[in-house]
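I opened the model and kept notes as I went.

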Amino acid sequence: AHRAEEPLWRWGHRAEMPREYGPSNPPKSHELYAGSKVIADRCFEQNLAFYKCKDASENPASCLEVGKAVHACVHTALGDIEKKAPAEFRSYAYCLEVNALKMEECRTKQLAFESAYFGSS
């Protein structure tokens, strides 16, 4: 259901439609913050491989493929969030957006999102 404080067209799509993430439609900072626990868990191996690659080489081009794997993992994780707990995720992300990413202002929405996401199977 649409909430008065959250615009129906907030991110350029209808609120009830899942947002699709990808190279041409990257996540915004408030979406990354809202999904950070899921992303950290789901994309740990890809991030670790990227950091190891960066430590092993001074040439930025040598880690492009590993970096693409990180991005793909993040996009997939956010897509899964959109499927499992879309309303709670958007509510939490919107709260972070309007509160300058101050998580302490959005703890209630964070708890609602995490309960919906981690509580669902």
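Helices (H or I, at least four residues) and strands (E, at least two) are DSSP runs, numbered from the N terminus.

**Entry: ground rules.** I am working on a predicted model, where local features need pLDDT of at least 70, side-chain atom pairs count only at pLDDT 80 or more, and totals for chains, interfaces and linings use all residues. Residues are numbered from 1 along each chain as its sequence is written, and side-chain values use heavy atoms, with hydrogens and water left out.

**Entry: overall fold.** I counted 6 helices and 0 strands. Along the sequence the pattern reads α-α-α-α-α-α. I then looked up burial (buried is under 20% relative accessible area, exposed over 50%, partly exposed in between, with a 1.4 Å probe and protein chains only). Of the 121 residues, 33% are buried. I also checked contacts (heavy atoms within 4.5 Å). Among contacts with a separation of 6 or more, 64% join residues 24 or more positions apart.

**Entry: H3 against H4.** Two packed helices are described by the angle between their axes and the distance between the axes. Axes are lines fitted to C-alpha atoms, for helices over the stretch in contact, and angles run from 0 to 180 degrees between N-to-C directions. For H3 (residues 44-56) and H4 (residues 64-84) I read an angle of about 155° and axes 9 Å apart. H3 is therefore roughly antiparallel to H4. The cut-offs are under 35 degrees for roughly parallel, over 145 for roughly antiparallel, 65 to 115 for roughly perpendicular, and oblique for the rest. H3 and H4 cross in a left-handed way (the near helix is turned anticlockwise from the far one by less than a right angle; clockwise would be right-handed). On the H3 side I found Gln46, Asn47, Ala49, Phe50 and Cys53, facing Val66, Gly67, Ala69, Val70 and Cys73 of H4.

**Entry: H5.** This helix has 13 residues and reaches 18 Å from first C-alpha to last, close to the 18 Å expected at 1.5 Å a residue. Its buried residues are Phe89, Arg90, Ser91, Tyr92, Ala93, Tyr94, Cys95 and Leu96. These pack against H1, H4 and H6. Pro86 also lies in H5. The C-alpha atoms of Pro86 and Tyr117 are 8.9 Å apart, although 31 residues separate them along the chain. Just after H5, Ala100 has a positive phi of about 50°.

**Entry: H5 against H6.** For H5 (residues 86-98) and H6 (residues 107-119) I read an angle of about 155° with axes 8 Å apart. They are therefore roughly antiparallel to each other. The crossing of H5 past H6 is left-handed. Glu88, Phe89, Ser91, Tyr92 and Cys95 of H5 meet Lys109, Gln110, Ala112, Phe113 and Ala116 of H6.

Definitions and conventions: The expected span of a helix is 1.5 Å times one less than its number of residues.
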